[in-house]
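Reader: I have a structure open and would like to go through it with you, starting with the whole and then moving to some details. Could you take my questions as they come?

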Amino acid sequence: MTPEHLRDLVRTAVGAAVEHGSLAVDVPDDLVIERPRNPEHGDYATNVAMRLAKPAGRPPREVAEVVAAELRALDGIDRVDVAGPGFLNITLAKDALGQIAVRAVTAGEDYGRTDTLAGQRLNLEFVSANPTGPVHIGGTRWAAVGDALGRLLTASGADVSREYYFNDAGSQIDRFARSLQAAALGQPVPEDGYAGDYIGEIAAQVVAAEPGILELPAEEQQERFRVRGVELMFAEIKRSLAGFGVVFDTYFSEKTLHDSGALEKAVARLRQQGHVYEADGAVWLRTTDFADDKDRVLVKSDGEPTYFAADCAYYLDKRERGFDRVVIMLGADHTGYVGRYKALVAAMGDDPQTNLEILIGQLVNLVRNGEPVRMSKRAGTVVNLEDLVDAIGADAARYALARASVDQQIDLDLDAWTRQTNDNPVFYVQYAHARISSLLRNAADLGLHLGEAADVETAALAHPREGDLLRALGEFPRVVASAAELRAPHRVARYLEELAGTYHRFYDECRVLPRGDEEATALTTARLWLCAATAVVLRNGLAVLGVSAPERM
């Protein structure tokens, strides 16, 4: 019995008390079921009686006794105690607790999935690095966290579309094109240009693809470097992200907004809403009406649209594609961007609290022997995605970057994340899965198999360490749902580390396979199911983070 099933039972008990006339309250939909800190207080606890006391007009402990009496009559409940001001401490029947293992194994990949976010259609935009260089370490963090968040939201029932917005229009692309052009001509990098070995490599690829490019007039030549260079650079970005396990549903070009008339459409929409005015020859959006610190220019006095105008058009495009909520992940250097984006959403006639969500992530520092690391040969002083993967591997990189809350700066110790020891969190979790896989292979060699779910005597799982492990497995669906709701993939990583520790303690105290000529018993089979269930949860949890679950290490 998982906490979700127990929540249903508590709701049933309250409903029964209402039906019997013992309570006069509305049956609550949202109930808190939690694990007591002290295992002696039972398997789970709830404060439902304290919540119902006021509407019932009765003392909390009195309400608790009424609900407890109804709970004790239900299947799967061994004991219910009233504690403190009115807490209900619930101990499950041994077979009911053991059914968590059966449920996890039979559900397989679906164990942990919920419908808590069902009906929400979300556009999740992350990374969105300009196609002017490789994905740097900050973008790599967003790749790991954003992809994990997309998996979490999907596992919680949301309809999620992952999107990459690439700025292939504007001044930064002009600088990129001039940098490629200079490299091809053997000239110094422009003062405002891009440096790094990758510039020379892409310039050479452009010349190889278009042999006559250097014979063109300078302006036409620069345009060809722009078009072909962006194409090659973005192909490289997509390739490196795919190698990191991150693939987007949509790659959206800023240039299409300019070419399709989407910018003019967005300005017209804002003008229709009554928030556009003209001053000093420019077109402005009155964002100060929506708590922004100053009004924003949409079209400059020379007739050129601003980046902000493109942002307005892009948001409108997302909403017109049917997304209820636009979720955008930005780096720490974009903190000041939040206010103006909320203002543009409000100016469009939407509710920023409902239709927009912006997550700000902090920096990542790479450390080796306590010293900052600058290691990229391709990108000058910039550490990029492929550098990190080459240093510690994709699994360790993804896990390390998703393991901390995004609002925390990370000091990522490269030495620590390459060690194959329990001090390395990803190794610790993956090793637990590999250890179980080895045990199940050994069981099969002995002719021992799980058999049918209906035949498992889950009541045999009575050891305290078995109870600890079962309760930990039962928490997984709630951990996933909570992590999705809070946009916090790191909660899954921390849960997996706790689960791995709980499994290792169980394994050290509870022998699973028979020795020598010993016969397998019902306890042997039940423990095999418990081990298999733990493997399922470890595998599903690692999958949420985009990390592999090896069967051998």
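**Overall picture and some details**

Author: Of the 553 residues of the protein, 52% count as buried, and please keep in mind throughout that this is a predicted model.

Reader: How many helices and strands does the protein have?
Author: The protein has 20 helices and 15 strands, and its C-alpha trace spans about 85 × 65 × 40 Å along the principal axes.

Reader: What about the accessible surface of the protein, and how much of it belongs to carbon and sulfur atoms?
Author: The accessible surface comes to about 24,600 Å², and carbon and sulfur atoms contribute 47% of it.

Reader: And how many positive and negative side chains are there?
Author: There are 59 positive and 82 negative side chains in the protein, with the centres of the two sets lying 2 Å apart.

Reader: What share of the contacts is between residues 24 or more positions apart?
Author: Taking the contacts with a separation of 6 or more, 71% are accounted for by residues 24 or more positions apart.

Reader: Let me change topic to Thr 140; where is that residue found?
Author: Thr 140 is found in helix H5, which covers residues 137-155.

Reader: Why does Thr 140 count as buried?
Author: Thr 140 counts as buried because its relative accessibility is 0%, where the cut-off for buried is under 20%.

Reader: Which backbone oxygen does the side chain of Thr 140 reach?
Author: The side chain of Thr 140 reaches the backbone oxygen of His 136, at 2.8 Å.

Reader: And which residues is Thr 140 in contact with, leaving aside its neighbours within four places in sequence?
Author: With those neighbours set aside, Thr 140 is in contact with Val 135, Phe 244, Asn 384, Leu 385, Leu 388 and Leu 401; of these, Leu 401 is also one of the buried residues of helix H15.

Reader: Why is H15 largely enclosed by the rest of the structure?
Author: Helix H15 comprises residues 394-402, and seven of its nine residues are buried, so the helix is largely enclosed by the rest of the structure. Besides Leu 401, the buried residues of H15 include Arg 398 and Tyr 399.

Reader: Last topic: what is the order of strands in the open sheet of three strands?
Author: The order is S14-S13-S15, with mixed pairing, and the edge strands, each pairing on one side only, are S14 (371-372) and S15 (410-413).

Reader: In which sense do S13 and S14 pair, parallel or antiparallel?
Author: Strand S13, residues 364-368, pairs with S14 in the antiparallel sense over two bridges, and Val 367 stands opposite Pro 372 in S14.

Note on methods. Residues numbered from 1 in each chain as written. Predicted model: local features only at pLDDT ≥ 70, side-chain atom pairs only at ≥ 80, totals over all residues. Heavy atoms only, no water. Pairing = 2+ DSSP bridges. Helix = DSSP H or I, 4+ residues; strand = E, 2+ residues; numbered from the N terminus. Buried < 20%, exposed > 50% of the residue type's maximum accessible area, 1.4 Å probe, protein only. Contact = heavy atoms within 4.5 Å. Areas by Shrake-Rupley, 256 points an atom, 1.4 Å probe, with all protein chains shown as cover. Lys, Arg positive; Asp, Glu negative; His and termini not counted. Charge placed at Lys NZ, Arg CZ, Asp CG, Glu CD. Polar contact = N/O pair within 3.5 Å; in protein donor to acceptor, adjacent residues only side chain to side chain.
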